[in-house]
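Welcome, and please open your viewer before reading on. We will go from stop to stop, with something to select at each one.

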Amino acid sequence: MNAVLAVRQYVSKMIEDSGPGMKVLLMDRETTGAVSVVYTQSEILQREVYLFERLDSPNREPMKHLKAICFLRPTKENVELLVQELRRPKYSIYFIYFSNVISKSDVKALAEADEQEVVAEVQEFYGDYIAVNPHVFSLNLLGCCRGRSWDPAQLTRTTQGLTALLLSLKKCPMIRYQLSSEPAKRLAECVKQVITKEYELFDFRRTEVPPLLLILDRSDDAITPLLNQWTYQAMVHELLGINNNRIDLSRVPGISKDLREVVLSAENDEFYANNMYLNFAEIGTNIKNLMEDFQRRKPKEQQKLESIADMKAFVENYPQFKKMSGTVSKHVTVVGELSRLVAERNLLEVSEVEQELACQSDHSSALQSVRRLLQSPRVSELDAARLVMLYALRYERHGSSGLPALLEELRARGGTDRYRKLVSAVVEYGGKRVRGSDLFSPKDAVAITKQFLKGLKGIENVYTQHQPLLQETLDQLIKGKLKDSQYPYLGPNTLRDRPQDIIVFLIGGATYEEALAVFNLNRSNPGVRIVLGGTTIHNTRSLLLARQESRNSLQIPGAQCGMVGKS
């Protein structure tokens, strides 16, 4: 199960099917994102695709010498734009591929508009999601629920994205969902409806052990997206933000023009592929080793590389090295900026207290630590609010809770109630009242022993003690110990054997810390393949933005599910 490969194969097939000759790739906003994360522009140019256009771009010039490959979501707007396009075609011939199921009535409308008979093909290629990593996908939907209920449009879009993922991986799964979450049950029912309705599409060769779709709710673990991260991919997303594999570095002091936006993709960046799950200290060492290897081959270029600053100076002073490895100069810049932010925001000390809140249970010590950092001018307003949120989630019902005083200090720091209101919103979203699992208490003596041993591993692990709830959930699922009473099956059938192919989907967004957990579970459980998806990939800022939007929205009960074009 490889999400990146599935979408790449669709794009390759589109280009192959259109035959030799110059081509334009005509897309919409969402399919542009889906293609850009799996194929570089230079790779597509080598396949005679010389132009990339948006269907909704108003000023496209007619180019009758080009073939058009259209890759579009089957939305009402796209169908209408395509109808107009076919009435006055700008290209010689059209190969049309929809990223999801298209209704017969929409196909008929396109056929009627094709008076000049320029359409060579209409097909469904189910690349209706963002393939972030081979085992991770996202739908790029920030706020999917209004309060505790689905936003109707987002439920429809999530159903489409999830069923497209199943179709692209050729899986017709059994479905389990988190019982404590009404949105999880609703999505499970919607996916099942589509599988039943489109049974011919889901008629794949049966495997001995059926695949499993597990639908979970982010609100069961609001801790994970609030923590600072120390592995490369997760740290970049937390501090700089990753958007369809792109990183905006335009605000970095003294940044060169060609590095204002960089792409981090494991598919075509060997260093990133080898380092994305390593911790921050290891990445710096690995960049240094690359540079020293270059120096060994070029004795004249000997220079001491003691710090990130030395590495940056080295890259700038030796253009032939930069030319030989633009990849390394990119990573030196990214790691340099991460290092600057860690120092500027005092993140080592902040992260240590975050881990104490998430993993320990000494209330008095935790409260003192949070108070001390709230009074530090080196701690940013966001990091101060994050600490109060973690404290609120951990000790919301503690008899000696210091939350009122912490909220008052937070308000005094920022001079507004903005973050104070967000603390309440986060507790409303992921507090004890709504959680289906016991996020903080170990389940049994074995778990208590494990936690104790984890705490003895030494100071080097103080920043990475936390394990997301998802890791425990999937571990229990793989061992056949996940309780049916908490995660029931949809329908009468249950899985008798150990699951092999697992698609786990998080309503409300996944995180790169959870992507790392899935990567490790795949590696340590031969024969088990897990793919992780979410409505989005969260960092702290996106989680808080989603909570802010949700709080400002009205609840709308009775959200509807359905396929595009069939509603």
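How many helices and strands are there in the chain? There are 22 helices and 17 strands, where helices (H or I, at least four residues) and strands (E, at least two) are DSSP runs numbered from the N terminus. This is a predicted model, in which local features need pLDDT of at least 70 and side-chain atom pairs count only at pLDDT 80 or more, while totals for chains, interfaces and linings use all residues. Residues are numbered from 1 along each chain as its sequence is written, and side-chain values use heavy atoms, with hydrogens and water left out.

**The whole chain**

Begin with everything shown. Of the 567 residues of the chain, 53% count as buried; buried means under 20% relative accessible area, exposed over 50%, and partly exposed in between (1.4 Å probe, protein chains only). Now think about contacts, meaning heavy atoms within 4.5 Å. Among contacts between residues at least 6 apart in sequence, 80% join residues at least 24 apart.

**The cores**

Next, select Ile215 and Leu474. In the largest nonpolar core, which has 154 residues, these two touch the most other members. A nonpolar core is a set of buried Ala, Val, Leu, Ile, Met, Phe, Trp, Tyr and Cys residues joined through side-chain atoms within 4.5 Å. Helix α16 (residues 381-395) gives this core its largest share, 11 residues. Apart from this core lies another, of 19 residues, and you can find it by selecting Leu26, Leu82, Tyr94 and Ala113, which are among its members.

Go back to Ile215 and show what surrounds it. Not counting residues up to four places away in sequence, Ile215 touches Leu162, Ile175, Arg176, Tyr177, Gln178, Ala184, Leu187, Ala188, Phe505 and Ile507.

**Helix α16 and its partners**

Select α16 together with helix α15 (residues 363-374). Their axes come within 10 Å and cross at roughly 160 degrees; axes are lines fitted to C-alpha atoms, for helices over the stretch in contact, and angles run from 0 to 180 degrees between N-to-C directions. The two helices are therefore roughly antiparallel to each other. By this scheme, angles under 35 degrees count as roughly parallel, over 145 as roughly antiparallel, 65 to 115 as roughly perpendicular and the rest as oblique.

To see the contact, show His363, Ala366, Leu367, Val370, Leu373 and Leu374 in α15, which meet Ala384, Leu387, Val388, Tyr391 and Tyr395 in α16. The residues of this contact divide into 10 nonpolar, 1 polar and no charged. Here Ala, Val, Leu, Ile, Met, Phe, Trp, Tyr, Cys and Pro count as nonpolar, Asp, Glu, Lys and Arg as charged, and the others, Gly among them, as polar.

Glu381, Ala384, Ala385, Val388, Tyr391 and Ala392 of α16 make the contact with Leu403, Leu406, Leu407, Leu410, Arg413 and Gly414 of α17. These residues divide into 9 nonpolar, 1 polar and 2 charged.

Stay with Ala392, which lies in α16. Is Ala392 buried or exposed? At 1% relative accessibility, Ala392 counts as buried. Leaving aside neighbours within four places in sequence, Ala392 is in contact with Leu403, Val423 and Val427.

**Helices α20 and α21**

Move on to helix α20 (residues 469-478) and helix α21 (residues 512-524). Their axes come within 9 Å and cross at roughly 30 degrees, and that makes α20 roughly parallel to α21. Leu470, Gln471, Leu474, Asp475 and Ile478 of α20 form the contact with Glu514, Ala517, Val518 and Leu521 of α21. This set divides into 6 nonpolar, 1 polar and 2 charged.

Pick Thr333, in helix α13 (residues 326-344). Thr333 is buried, with a relative accessible area of 10%.

Asn346 has a positive phi of about 55 degrees although it is not a glycine, and it is buried, with a relative accessible area of 10%.

Finish at Glu48, in the loop between α3 (41-45) and β2 (49-54). Glu48 is not a glycine, yet it has a positive phi of about 70 degrees. Glu48 is partly exposed, with a relative accessible area of 30%.
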